Amino acid sequence: MGIFDIGIIGGGPAGYSSALYYASQGKTVVIFEKDELGGTCLNRGCIPTKAFLHIADKYSELNTLSKFGINFSDVALDYSKIKEYKENVVAKLRKGLELTLKNSGITIVKAEANIIAENKIKTSDDEYVCDKIIIATGSKPKEIKGLEYDHKFIISSDDILNLETLPKSILIVGSGAIGIEWARILSSLGVEVSITELADRLLPLADWEVSKRIERQFKMKKIKTYRSTYVEKIENKVITLSNGEIITPETVLVAVGREPITIKNSYNNIDIIGDASAEIMLAHYAVSQAKELALNIPFDKKFVPSVVYGNPEISWIGQVSKSKEDDENYKVSVFPISALGKAHCDNSIDGFIKILAKDNFIIGASIISPEASALIQQIAIAMTNNLSVNDLKKVCYAHPTYSEGILETLLKL
Ligand SMILES: Cc1cc2nc3c(=O)[nH]c(=O)nc-3n(C[C@H](O)[C@H](O)[C@H](O)COP(=O)(O)OP(=O)(O)OC[C@H]3O[C@@H](n4cnc5c(N)ncnc54)[C@H](O)[C@@H]3O)c2cc1C
(Lines give C-alpha, C1' and ligand atoms only; values in the text may rest on other atoms or scores of the structure.)
Protein backbone atom coordinates (compact mmCIF):
# COMPACT_ATOMS: atom_id res chain seq x y z
CA MET A 1 0.00 0.00 0.00
CA GLY A 2 1.30 3.47 -0.95
CA ILE A 3 0.63 6.66 1.00
CA PHE A 4 0.54 10.00 -0.85
CA ASP A 5 -0.64 13.58 -0.41
CA ILE A 6 -2.34 13.60 -3.81
CA GLY A 7 -3.80 10.76 -5.92
CA ILE A 8 -4.80 11.64 -9.49
CA ILE A 9 -6.83 9.32 -11.72
CA GLY A 10 -6.13 10.02 -15.40
CA GLY A 11 -2.89 10.98 -17.14
CA GLY A 12 -4.20 13.52 -19.69
CA PRO A 13 -3.57 17.31 -19.55
CA ALA A 14 -5.81 17.75 -16.50
CA GLY A 15 -4.13 14.89 -14.63
CA TYR A 16 -0.49 15.39 -15.58
CA SER A 17 -0.65 19.20 -15.16
CA SER A 18 -2.13 18.96 -11.69
CA ALA A 19 0.43 16.27 -10.82
CA LEU A 20 3.30 18.55 -11.87
CA TYR A 21 1.82 21.61 -10.15
CA TYR A 22 1.26 19.74 -6.87
CA ALA A 23 4.74 18.20 -7.04
CA SER A 24 6.21 21.70 -7.51
CA GLN A 25 4.59 22.57 -4.17
CA GLY A 26 6.46 19.74 -2.45
CA LYS A 27 3.49 17.33 -2.34
CA THR A 28 3.89 13.60 -2.84
CA VAL A 29 1.86 12.62 -5.90
CA VAL A 30 0.70 9.37 -7.51
CA ILE A 31 -0.94 9.41 -10.96
CA PHE A 32 -2.91 6.49 -12.42
CA GLU A 33 -3.22 5.95 -16.18
CA LYS A 34 -4.94 2.90 -17.64
CA ASP A 35 -3.92 3.55 -21.23
CA GLU A 36 -1.21 5.97 -22.39
CA LEU A 37 0.16 9.00 -20.55
CA GLY A 38 -0.89 12.21 -22.28
CA GLY A 39 -4.54 11.15 -22.57
CA THR A 40 -6.75 12.08 -25.49
CA CYS A 41 -4.85 15.29 -26.20
CA LEU A 42 -1.49 13.69 -26.83
CA ASN A 43 -2.53 10.30 -28.18
CA ARG A 44 -5.84 10.81 -30.01
CA GLY A 45 -6.59 14.53 -30.11
CA CYS A 46 -4.76 17.84 -30.27
CA ILE A 47 -1.30 16.55 -31.13
CA PRO A 48 -1.88 13.78 -33.72
CA THR A 49 -4.43 15.89 -35.62
CA LYS A 50 -2.05 18.85 -35.76
CA ALA A 51 0.77 16.59 -36.98
CA PHE A 52 -1.52 15.38 -39.80
CA LEU A 53 -2.56 18.97 -40.52
CA HIS A 54 1.04 20.07 -40.82
CA ILE A 55 1.64 17.56 -43.60
CA ALA A 56 -1.72 18.14 -45.26
CA ASP A 57 -0.93 21.87 -45.43
CA LYS A 58 2.49 21.19 -46.91
CA TYR A 59 0.95 18.90 -49.53
CA SER A 60 -1.78 21.32 -50.57
CA GLU A 61 0.74 24.16 -50.72
CA LEU A 62 2.53 22.30 -53.50
CA ASN A 63 -0.29 23.29 -55.86
CA THR A 64 0.50 26.95 -55.33
CA LEU A 65 4.26 26.83 -55.76
CA SER A 66 4.42 27.15 -59.55
CA LYS A 67 3.09 30.70 -59.01
CA PHE A 68 6.43 31.46 -57.36
CA GLY A 69 8.48 29.84 -60.09
CA ILE A 70 8.95 26.56 -58.25
CA ASN A 71 8.16 23.83 -60.72
CA PHE A 72 8.36 20.10 -60.19
CA SER A 73 6.74 16.89 -61.29
CA ASP A 74 6.25 13.41 -59.87
CA VAL A 75 4.69 14.33 -56.53
CA ALA A 76 3.59 11.22 -54.70
CA LEU A 77 1.87 10.85 -51.37
CA ASP A 78 2.98 8.02 -49.10
CA TYR A 79 0.30 7.80 -46.41
CA SER A 80 2.29 5.32 -44.32
CA LYS A 81 5.03 7.97 -43.95
CA ILE A 82 2.48 10.56 -42.82
CA LYS A 83 1.27 8.14 -40.15
CA GLU A 84 4.82 7.37 -39.15
CA TYR A 85 5.53 11.08 -38.71
CA LYS A 86 2.42 11.47 -36.55
CA GLU A 87 3.37 8.43 -34.46
CA ASN A 88 6.92 9.70 -33.95
CA VAL A 89 5.68 13.11 -32.79
CA VAL A 90 3.30 11.48 -30.32
CA ALA A 91 5.88 8.97 -29.06
CA LYS A 92 8.55 11.66 -28.57
CA LEU A 93 6.21 13.89 -26.58
CA ARG A 94 4.90 10.96 -24.52
CA LYS A 95 8.43 9.92 -23.61
CA GLY A 96 9.25 13.52 -22.63
CA LEU A 97 6.12 13.71 -20.48
CA GLU A 98 6.89 10.47 -18.68
CA LEU A 99 10.44 11.67 -18.00
CA THR A 100 9.23 15.04 -16.71
CA LEU A 101 6.76 13.35 -14.34
CA LYS A 102 9.43 10.95 -13.07
CA ASN A 103 12.01 13.72 -12.67
CA SER A 104 9.47 15.64 -10.61
CA GLY A 105 9.29 12.73 -8.20
CA ILE A 106 5.76 11.72 -9.26
CA THR A 107 4.84 8.03 -8.96
CA ILE A 108 3.23 6.71 -12.15
CA VAL A 109 0.95 3.69 -11.86
CA LYS A 110 -0.03 2.26 -15.23
CA ALA A 111 -3.35 0.72 -14.26
CA GLU A 112 -7.06 1.36 -14.12
CA ALA A 113 -7.96 2.97 -10.82
CA ASN A 114 -11.14 3.18 -8.79
CA ILE A 115 -12.12 5.06 -5.68
CA ILE A 116 -13.12 2.75 -2.85
CA ALA A 117 -13.20 5.19 0.05
CA GLU A 118 -12.93 8.93 0.61
CA ASN A 119 -9.13 8.69 0.73
CA LYS A 120 -8.49 5.39 -0.94
CA ILE A 121 -7.77 4.40 -4.54
CA LYS A 122 -7.64 0.80 -5.69
CA THR A 123 -6.08 -0.84 -8.73
CA SER A 124 -6.23 -4.57 -9.47
CA ASP A 125 -2.90 -5.01 -7.66
CA ASP A 126 -2.78 -2.54 -4.83
CA GLU A 127 -4.41 0.13 -2.71
CA TYR A 128 -3.27 3.72 -2.20
CA VAL A 129 -4.13 6.09 0.62
CA CYS A 130 -4.21 9.71 -0.57
CA ASP A 131 -5.06 12.82 1.45
CA LYS A 132 -6.68 14.29 -1.65
CA ILE A 133 -8.07 12.54 -4.71
CA ILE A 134 -8.60 14.15 -8.11
CA ILE A 135 -10.62 12.66 -10.93
CA ALA A 136 -9.24 13.59 -14.37
CA THR A 137 -10.62 10.70 -16.39
CA GLY A 138 -11.35 12.69 -19.55
CA SER A 139 -13.94 11.96 -22.21
CA LYS A 140 -14.77 9.72 -25.17
CA PRO A 141 -16.40 10.29 -28.58
CA LYS A 142 -20.16 10.68 -28.33
CA GLU A 143 -22.24 8.10 -30.17
CA ILE A 144 -25.60 8.90 -31.71
CA LYS A 145 -28.52 6.67 -32.53
CA GLY A 146 -28.40 5.27 -36.04
CA LEU A 147 -24.71 6.13 -36.34
CA GLU A 148 -23.23 3.68 -33.84
CA TYR A 149 -19.52 3.06 -34.41
CA ASP A 150 -18.65 -0.20 -36.14
CA HIS A 151 -15.08 1.15 -36.34
CA LYS A 152 -14.86 0.25 -40.04
CA PHE A 153 -17.51 2.09 -42.04
CA ILE A 154 -18.74 4.35 -39.24
CA ILE A 155 -15.71 5.62 -37.40
CA SER A 156 -14.81 7.99 -34.55
CA SER A 157 -12.04 10.56 -34.21
CA ASP A 158 -10.03 7.80 -32.49
CA ASP A 159 -10.49 5.33 -35.36
CA ILE A 160 -9.54 7.77 -38.09
CA LEU A 161 -6.00 8.02 -36.72
CA ASN A 162 -5.48 4.32 -37.33
CA LEU A 163 -6.67 3.95 -40.94
CA GLU A 164 -4.14 2.02 -43.00
CA THR A 165 -4.99 3.93 -46.17
CA LEU A 166 -6.89 7.08 -46.97
CA PRO A 167 -10.48 6.58 -48.11
CA LYS A 168 -11.42 7.93 -51.54
CA SER A 169 -14.42 9.71 -50.05
CA ILE A 170 -15.77 10.47 -46.58
CA LEU A 171 -18.88 11.94 -44.98
CA ILE A 172 -18.11 13.89 -41.82
CA VAL A 173 -21.08 14.20 -39.49
CA GLY A 174 -20.75 17.33 -37.36
CA SER A 175 -18.97 20.60 -38.11
CA GLY A 176 -17.48 21.46 -34.74
CA ALA A 177 -13.72 21.94 -34.39
CA ILE A 178 -12.96 18.23 -34.88
CA GLY A 179 -15.18 17.91 -37.98
CA ILE A 180 -13.78 21.07 -39.58
CA GLU A 181 -10.15 20.10 -38.89
CA TRP A 182 -10.60 16.64 -40.39
CA ALA A 183 -12.45 18.07 -43.39
CA ARG A 184 -9.46 20.35 -43.99
CA ILE A 185 -6.88 17.58 -43.51
CA LEU A 186 -8.61 15.01 -45.69
CA SER A 187 -9.56 17.42 -48.44
CA SER A 188 -5.96 18.69 -48.62
CA LEU A 189 -4.79 15.09 -48.96
CA GLY A 190 -7.11 14.54 -51.92
CA VAL A 191 -10.06 12.80 -50.24
CA GLU A 192 -13.50 13.74 -51.52
CA VAL A 193 -15.14 15.26 -48.42
CA SER A 194 -18.78 15.96 -47.56
CA ILE A 195 -19.87 17.39 -44.23
CA THR A 196 -23.32 17.49 -42.62
CA GLU A 197 -24.38 19.88 -39.89
CA LEU A 198 -27.67 19.92 -38.03
CA ALA A 199 -27.49 23.68 -37.44
CA ASP A 200 -28.05 26.13 -40.27
CA ARG A 201 -24.35 27.02 -40.49
CA LEU A 202 -20.97 25.33 -40.20
CA LEU A 203 -19.08 25.73 -36.93
CA PRO A 204 -22.25 26.96 -35.23
CA LEU A 205 -20.49 28.05 -32.03
CA ALA A 206 -18.42 30.62 -33.94
CA ASP A 207 -19.35 34.11 -35.14
CA TRP A 208 -21.80 34.05 -38.07
CA GLU A 209 -19.23 35.72 -40.34
CA VAL A 210 -16.69 33.02 -39.51
CA SER A 211 -19.21 30.36 -40.52
CA LYS A 212 -19.93 32.17 -43.77
CA ARG A 213 -16.23 32.41 -44.57
CA ILE A 214 -15.59 28.72 -43.88
CA GLU A 215 -18.55 27.79 -46.05
CA ARG A 216 -17.05 29.86 -48.86
CA GLN A 217 -13.59 28.32 -48.34
CA PHE A 218 -15.07 24.82 -48.32
CA LYS A 219 -16.90 25.56 -51.57
CA MET A 220 -13.62 26.62 -53.15
CA LYS A 221 -12.01 23.40 -51.93
CA LYS A 222 -14.95 21.42 -53.35
CA ILE A 223 -15.97 20.18 -49.91
CA LYS A 224 -19.68 19.51 -50.14
CA THR A 225 -21.54 20.99 -47.18
CA TYR A 226 -25.02 20.09 -46.01
CA ARG A 227 -26.50 22.50 -43.46
CA SER A 228 -29.72 21.94 -41.47
CA THR A 229 -29.28 18.31 -42.48
CA TYR A 230 -28.84 14.98 -40.71
CA VAL A 231 -28.31 11.38 -41.68
CA GLU A 232 -31.75 9.81 -41.91
CA LYS A 233 -30.73 6.22 -42.53
CA ILE A 234 -27.87 4.01 -43.57
CA GLU A 235 -28.53 0.75 -45.41
CA ASN A 236 -25.72 -1.31 -46.86
CA LYS A 237 -23.42 1.70 -46.77
CA VAL A 238 -25.95 3.78 -48.71
CA ILE A 239 -26.76 6.98 -46.82
CA THR A 240 -30.01 8.86 -47.08
CA LEU A 241 -29.80 12.42 -45.82
CA SER A 242 -32.76 14.29 -44.32
CA ASN A 243 -32.93 16.45 -47.48
CA GLY A 244 -33.64 13.29 -49.50
CA GLU A 245 -30.20 13.16 -51.10
CA ILE A 246 -28.52 9.75 -51.33
CA ILE A 247 -24.74 9.51 -50.97
CA THR A 248 -22.29 6.62 -50.87
CA PRO A 249 -19.03 7.67 -49.19
CA GLU A 250 -16.39 5.06 -48.47
CA THR A 251 -16.32 6.01 -44.76
CA VAL A 252 -18.37 8.04 -42.28
CA LEU A 253 -16.59 10.01 -39.54
CA VAL A 254 -18.94 10.89 -36.71
CA ALA A 255 -17.70 14.02 -34.92
CA VAL A 256 -20.68 15.16 -32.89
CA GLY A 257 -18.93 15.95 -29.63
CA ARG A 258 -17.60 14.06 -26.64
CA GLU A 259 -19.01 12.76 -23.40
CA PRO A 260 -17.26 12.73 -20.03
CA ILE A 261 -15.91 9.51 -18.56
CA THR A 262 -17.07 9.32 -15.00
CA ILE A 263 -16.00 6.93 -12.28
CA LYS A 264 -18.00 5.95 -9.24
CA ASN A 265 -17.60 8.56 -6.56
CA SER A 266 -20.02 9.59 -3.87
CA TYR A 267 -17.63 11.78 -1.89
CA ASN A 268 -17.92 15.54 -2.05
CA ASN A 269 -14.30 16.42 -1.23
CA ILE A 270 -13.06 14.89 -4.49
CA ASP A 271 -12.37 17.33 -7.32
CA ILE A 272 -13.26 16.52 -10.93
CA ILE A 273 -11.30 18.44 -13.56
CA GLY A 274 -10.72 18.41 -17.31
CA ASP A 275 -13.18 16.89 -19.77
CA ALA A 276 -14.55 14.69 -16.97
CA SER A 277 -15.97 17.85 -15.35
CA ALA A 278 -18.22 18.27 -18.43
CA GLU A 279 -17.50 21.99 -18.63
CA ILE A 280 -15.41 23.19 -21.59
CA MET A 281 -13.76 20.21 -23.28
CA LEU A 282 -10.45 21.75 -24.28
CA ALA A 283 -6.93 20.91 -23.18
CA HIS A 284 -6.07 24.47 -22.11
CA TYR A 285 -9.27 24.64 -20.06
CA ALA A 286 -8.18 21.41 -18.33
CA VAL A 287 -4.72 22.86 -17.66
CA SER A 288 -6.24 26.08 -16.29
CA GLN A 289 -8.49 24.07 -13.96
CA ALA A 290 -5.41 22.16 -12.76
CA LYS A 291 -3.55 25.44 -12.22
CA GLU A 292 -6.46 26.86 -10.25
CA LEU A 293 -6.75 23.76 -8.09
CA ALA A 294 -3.10 23.04 -7.38
CA LEU A 295 -1.52 26.49 -7.50
CA ASN A 296 -4.51 28.55 -6.46
CA ILE A 297 -4.24 30.71 -9.60
CA PRO A 298 -7.80 31.51 -10.68
CA PHE A 299 -8.85 32.02 -14.29
CA ASP A 300 -11.88 33.66 -15.84
CA LYS A 301 -14.03 31.00 -17.47
CA LYS A 302 -15.61 33.61 -19.76
CA PHE A 303 -12.28 34.19 -21.51
CA VAL A 304 -11.32 30.77 -22.85
CA PRO A 305 -10.01 30.93 -26.42
CA SER A 306 -11.27 28.47 -29.03
CA VAL A 307 -9.05 27.56 -31.96
CA VAL A 308 -9.76 25.56 -35.09
CA TYR A 309 -6.54 24.64 -36.84
CA GLY A 310 -5.83 24.38 -40.55
CA ASN A 311 -5.29 26.83 -43.29
CA PRO A 312 -6.07 29.56 -42.30
CA GLU A 313 -6.49 29.16 -38.56
CA ILE A 314 -9.73 30.23 -36.91
CA SER A 315 -10.00 31.52 -33.35
CA TRP A 316 -12.41 33.33 -31.12
CA ILE A 317 -12.89 34.39 -27.52
CA GLY A 318 -15.69 35.86 -25.42
CA GLN A 319 -18.88 37.00 -27.11
CA VAL A 320 -19.57 35.92 -30.67
CA SER A 321 -22.22 37.50 -32.86
CA LYS A 322 -24.83 34.95 -33.89
CA SER A 323 -26.25 36.83 -36.87
CA LYS A 324 -26.08 40.05 -38.86
CA GLU A 325 -28.93 41.37 -36.71
CA ASP A 326 -27.04 40.40 -33.55
CA ASP A 327 -24.15 42.63 -34.72
CA GLU A 328 -26.42 45.59 -33.92
CA ASN A 329 -26.01 44.82 -30.22
CA TYR A 330 -22.30 45.70 -30.19
CA LYS A 331 -19.82 48.16 -31.53
CA VAL A 332 -18.33 46.05 -34.33
CA SER A 333 -15.11 46.44 -36.26
CA VAL A 334 -14.07 44.04 -39.01
CA PHE A 335 -10.72 44.28 -40.74
CA PRO A 336 -9.80 42.18 -43.81
CA ILE A 337 -6.33 40.65 -43.60
CA SER A 338 -6.00 41.27 -47.35
CA ALA A 339 -5.07 44.82 -46.30
CA LEU A 340 -1.92 43.56 -44.56
CA GLY A 341 1.49 43.48 -46.22
CA LYS A 342 2.41 40.31 -44.37
CA ALA A 343 -0.66 38.47 -45.71
CA HIS A 344 0.37 39.32 -49.28
CA CYS A 345 3.98 38.23 -48.67
CA ASP A 346 2.62 34.92 -47.38
CA ASN A 347 0.11 34.59 -50.25
CA SER A 348 -2.62 34.14 -47.65
CA ILE A 349 -5.12 36.98 -47.85
CA ASP A 350 -8.40 35.22 -47.12
CA GLY A 351 -9.50 36.16 -43.61
CA PHE A 352 -10.49 38.90 -41.20
CA ILE A 353 -10.30 40.11 -37.64
CA LYS A 354 -13.58 41.03 -36.01
CA ILE A 355 -13.80 42.70 -32.63
CA LEU A 356 -16.99 43.33 -30.65
CA ALA A 357 -16.80 46.10 -28.08
CA LYS A 358 -19.00 47.86 -25.55
CA ASP A 359 -18.14 51.00 -23.60
CA ASN A 360 -14.52 51.02 -24.80
CA PHE A 361 -13.91 47.38 -23.76
CA ILE A 362 -13.55 44.31 -25.97
CA ILE A 363 -16.27 41.79 -25.23
CA GLY A 364 -15.37 39.31 -27.95
CA ALA A 365 -13.15 38.71 -30.95
CA SER A 366 -13.09 36.29 -33.90
CA ILE A 367 -10.19 35.80 -36.25
CA ILE A 368 -9.60 33.91 -39.48
CA SER A 369 -5.98 34.35 -40.44
CA PRO A 370 -2.60 32.69 -40.41
CA GLU A 371 -1.42 32.75 -36.77
CA ALA A 372 -4.99 33.22 -35.50
CA SER A 373 -4.11 30.89 -32.60
CA ALA A 374 -1.41 33.31 -31.45
CA LEU A 375 -3.34 36.50 -32.27
CA ILE A 376 -6.30 35.55 -30.09
CA GLN A 377 -3.96 35.36 -27.12
CA GLN A 378 -3.40 39.14 -27.36
CA ILE A 379 -7.14 39.64 -26.96
CA ALA A 380 -7.24 37.07 -24.13
CA ILE A 381 -4.56 39.00 -22.24
CA ALA A 382 -6.40 42.28 -22.77
CA MET A 383 -9.78 40.92 -21.69
CA THR A 384 -8.40 39.04 -18.68
CA ASN A 385 -6.60 42.14 -17.47
CA ASN A 386 -9.38 44.63 -18.18
CA LEU A 387 -7.36 46.58 -20.73
CA SER A 388 -9.56 48.99 -22.64
CA VAL A 389 -9.64 49.53 -26.40
CA ASN A 390 -7.77 52.81 -25.85
CA ASP A 391 -5.08 51.02 -23.79
CA LEU A 392 -4.50 48.58 -26.63
CA LYS A 393 -4.30 51.34 -29.24
CA LYS A 394 -1.24 52.67 -27.38
CA VAL A 395 0.72 49.45 -28.06
CA CYS A 396 3.43 49.58 -30.75
CA TYR A 397 2.72 46.73 -33.21
CA ALA A 398 5.65 45.30 -35.19
CA HIS A 399 5.65 45.44 -39.00
CA PRO A 400 5.02 43.47 -41.16
CA THR A 401 2.88 41.20 -38.96
CA TYR A 402 -0.67 39.93 -38.66
CA SER A 403 -0.76 41.71 -35.28
CA GLU A 404 -1.00 44.99 -37.17
CA GLY A 405 -4.46 43.78 -38.14
CA ILE A 406 -5.46 43.91 -34.47
CA LEU A 407 -4.36 47.55 -34.26
CA GLU A 408 -6.26 48.38 -37.47
CA THR A 409 -9.39 46.67 -36.14
CA LEU A 410 -9.10 48.55 -32.83
CA LEU A 411 -8.60 51.91 -34.58
CA LYS A 412 -12.03 51.58 -36.16
CA LEU A 413 -13.75 51.14 -32.76
C1 LIG B 1 -9.57 14.92 -32.45
C2 LIG B 1 -9.45 15.84 -31.28
C3 LIG B 1 -8.76 17.03 -31.42
C4 LIG B 1 -8.62 17.88 -30.33
N5 LIG B 1 -7.94 19.06 -30.51
C6 LIG B 1 -7.81 19.91 -29.48
C7 LIG B 1 -7.08 21.11 -29.63
O8 LIG B 1 -6.54 21.40 -30.69
N9 LIG B 1 -6.98 21.95 -28.57
C10 LIG B 1 -7.57 21.65 -27.37
O11 LIG B 1 -7.46 22.45 -26.43
N12 LIG B 1 -8.27 20.51 -27.20
C13 LIG B 1 -8.40 19.64 -28.22
N14 LIG B 1 -9.08 18.46 -28.03
C15 LIG B 1 -9.67 18.20 -26.72
C16 LIG B 1 -8.61 17.70 -25.72
O17 LIG B 1 -8.01 16.54 -26.25
C18 LIG B 1 -9.25 17.41 -24.38
O19 LIG B 1 -9.96 18.54 -23.94
C20 LIG B 1 -8.20 17.06 -23.34
O21 LIG B 1 -7.50 15.89 -23.72
C22 LIG B 1 -8.85 16.83 -21.97
O23 LIG B 1 -7.88 16.47 -21.05
P24 LIG B 1 -8.25 15.54 -19.80
O25 LIG B 1 -6.99 15.36 -19.05
O26 LIG B 1 -9.43 16.08 -19.10
O27 LIG B 1 -8.73 14.15 -20.43
P28 LIG B 1 -8.00 13.11 -21.37
O29 LIG B 1 -6.96 13.76 -22.18
O30 LIG B 1 -9.08 12.37 -22.04
O31 LIG B 1 -7.23 12.14 -20.35
C32 LIG B 1 -7.92 11.32 -19.45
C33 LIG B 1 -7.07 10.09 -19.18
O34 LIG B 1 -7.65 9.36 -18.10
C35 LIG B 1 -7.46 7.98 -18.32
N36 LIG B 1 -8.42 7.25 -17.50
C37 LIG B 1 -9.78 7.28 -17.59
N38 LIG B 1 -10.33 6.50 -16.63
C39 LIG B 1 -9.30 5.99 -15.91
C40 LIG B 1 -9.22 5.12 -14.77
N41 LIG B 1 -10.32 4.67 -14.17
N42 LIG B 1 -8.01 4.78 -14.31
C43 LIG B 1 -6.86 5.24 -14.89
N44 LIG B 1 -6.89 6.08 -15.97
C45 LIG B 1 -8.09 6.44 -16.46
C46 LIG B 1 -7.68 7.83 -19.82
O47 LIG B 1 -7.08 6.65 -20.30
C48 LIG B 1 -7.03 9.12 -20.35
O49 LIG B 1 -5.69 8.88 -20.71
C50 LIG B 1 -9.19 17.55 -29.08
C51 LIG B 1 -9.87 16.34 -28.93
C52 LIG B 1 -9.99 15.49 -30.01
C53 LIG B 1 -10.70 14.18 -29.82
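In the predicted model, Ile 376 is in contact with Pro 305, Val 307, Ser 315, Trp 316, Ile 317, Ala 365 and Ile 367, when neighbours within four places in sequence are left aside. Ile 376 also belongs to the largest nonpolar core, which holds 66 residues. Within this core, Ile 376 is one of the residues that touch the most other members, together with Ile 172, Val 173, Trp 182, Ala 183 and Leu 253. Helix H5, residues 177-188, supplies the largest share of the core, with seven residues. Another core, of 42 residues, lies apart from this one; among its members are Ile 9, Tyr 21, Ala 136 and Met 281. In soluble globular proteins, nonpolar side chains tend to be buried together.

Helix H3 takes part in two helix pairs described here, with H4 and with H5. The axes of H3 (residues 46-61) and H4 (residues 79-103) come within 9 Å of each other and cross at roughly 140°. On the H3 side, the contact is formed by Ile 47, Pro 48, Ala 51, Phe 52 and Ile 55, and on the H4 side by Ile 82, Tyr 85, Lys 86, Val 89, Val 90 and Leu 93. Sorted by class, the contact of H3 with H4 has 10 nonpolar residues, one charged residue and no polar ones.

For H3 and H5, the axes come within 8 Å and the crossing angle is roughly 40°. Angles under 35 degrees would count as roughly parallel; H3 and H5 are therefore oblique to each other. This crossing is left-handed. The H3 residues involved are Thr 49, Phe 52, Leu 53, Ala 56, Asp 57, Tyr 59 and Ser 60, which meet Glu 181, Arg 184, Ile 185 and Ser 188 of H5. By class, the contact of H3 with H5 has five nonpolar, three polar and three charged residues. Phe 52 is listed in the contact of H3 with H4 and in the contact of H3 with H5.

Several backbone features were found in loops. Most residues other than glycine have a negative phi, and most peptide bonds are trans. A cis peptide bond joins Asn 311 and Pro 312, with omega about -5°. Pro 312 is located in the loop between strand E18 (306-308) and strand E19 (313-318). Another cis peptide bond runs from His 399 to Pro 400, and its omega is near -10°. The loop that holds Pro 400 is the one between helix H11 (389-393) and helix H12 (403-411).

Positive phi values occur at Leu 203, near 45°, and at Ala 278, near 55°; neither residue is glycine. Leu 203 is placed in the loop between strand E10 (192-196) and helix H6 (208-220). Since 23 C-beta neighbours lie inside 10 Å, Leu 203 counts as buried. Ala 278 is found in the loop between strand E17 (271-272) and helix H7 (283-295). With 13 other C-beta atoms within 10 Å, Ala 278 is partly exposed.

Two further positions were examined for their surroundings. Ser 242 sits in the loop between strand E13 (238-241) and strand E14 (246-247). This residue has 14 C-beta neighbours inside 10 Å and so counts as partly exposed. Apart from neighbours within four places in sequence, the contacts of Ser 242 are Thr 229, Tyr 230 and Glu 232. Between Ser 242 and Thr 28, which are 214 residues apart along the chain, the separation of the C-alpha atoms is 55 Å.

Lys 120 lies in strand E5, which covers residues 120-122. As 15 other C-beta atoms are within 10 Å, Lys 120 is partly exposed. Not counting residues up to four places away in sequence, Lys 120 touches Glu 127 and Val 129. The C-alpha atom of Lys 120 is separated by 26 Å from that of Thr 40, a residue 80 residues apart along the chain.

Note on methods:
Residues are numbered from 1 along each chain as its sequence is written. This is a predicted model: local features need pLDDT of at least 70, side-chain atom pairs count only at pLDDT 80 or more; totals for chains, interfaces and linings use all residues. A nonpolar core is a set of buried Ala, Val, Leu, Ile, Met, Phe, Trp, Tyr and Cys residues joined through C-beta atoms within 7 Å. A residue is buried if 20 or more other C-beta atoms lie within 10 Å of its own, exposed if 12 or fewer, and partly exposed in between; C-beta atoms are placed from the backbone. Helices (H or I, at least four residues) and strands (E, at least two) are DSSP runs, numbered from the N terminus. Two residues are in contact if their C-beta atoms, placed from the backbone, lie within 7 Å. Axes are lines fitted to C-alpha atoms, for helices over the stretch in contact, and angles run from 0 to 180 degrees between N-to-C directions. Ala, Val, Leu, Ile, Met, Phe, Trp, Tyr, Cys and Pro count as nonpolar, Asp, Glu, Lys and Arg as charged, and the others, Gly among them, as polar. Angles under 35 degrees count as roughly parallel, over 145 as roughly antiparallel, 65 to 115 as roughly perpendicular and the rest as oblique. A crossing is left-handed if the near helix is turned anticlockwise from the far one by less than a right angle, and right-handed if clockwise.
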